[in-house]
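User: I've got a model open and I'd like to learn how to read it. Can you walk me through one part?

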Amino acid sequence: MRTNITFFCGVLLGFAALFAADTAVRRAPGFALPDSKMQIFDLADYRGKLVILEFMQTTCPHCAAFAGILNEVQQKYGERVAILAVANSAHDNSNTVAEYISGHQVHY
C-alpha cells in the first residue's frame, strides 16, 4: 500500500513538473481593470514583476485576514512585486472598497 501511495505521489509530481515547464514560457493573457477611482490598470504595466492577483469581496473574513498577509508581502518585497486586488462588483462598490482599504490599512 505504501509503495502505491509513493508511486502515485511521484506520478503527480511528474505531471506537475511537466505542467510547470509547459506554462513557464507562456505569458498571462492581457487585461485591464479600473481601480476604485476609475484609474485604469493594465497587466502589461507590470511586466518584469511578480504579480499577485487577488479576487476578493469586502465582507469576506478570509479576504480580510489575507489583507494583512498581502500588506506584509508588499512591505517585504516592495517594487519587485505588484499586488492587484479585484473586488467582486456584484457585492461591492467604490464606497465599500474605500472603507475596506482604510479599515484594513491596505497599501497595495
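User: What do S3, H2 and S4 make?

Analyst: First, the ground rules: this is a predicted model, where local features need pLDDT of at least 70, side-chain atom pairs count only at pLDDT 80 or more, and totals for chains, interfaces and linings use all residues. Residues are numbered from 1 along each chain as its sequence is written, and side-chain values use heavy atoms, with hydrogens and water left out. Helices (H or I, at least four residues) and strands (E, at least two) are DSSP runs, numbered from the N terminus. Here, S3, H2 and S4 form a right-handed β-α-β unit; right-handed means that, with the strands pointing away from you, the path from the first strand over the helix to the second runs clockwise.

User: In which sense do S3 and S4 pair?

Analyst: Strands pair if DSSP finds at least two bridges between them. S3 and S4 run parallel, over seven bridges, and Ile 52 sits opposite Ile 83 in S4.

User: Which residues of H2 are buried?

Analyst: An α-helix has 3.6 residues a turn, so residues three or four places apart point the same way. Buried means under 20% relative accessible area (1.4 Å probe, protein chains only). In H2 that's Cys 63, Ala 67, Leu 70, Asn 71 and Gln 74. They pack against strand S3 (50-56), strand S4 (81-87) and helix H3 (94-103).

User: What does Cys 63 touch?

Analyst: Contact means heavy atoms within 4.5 Å. Leaving out residues up to four places away in sequence, Cys 63 touches Glu 54, Met 56, Gln 57 and Tyr 100.

Terms used
Buried < 20%, exposed > 50% of the residue type's maximum accessible area, 1.4 Å probe, protein only.
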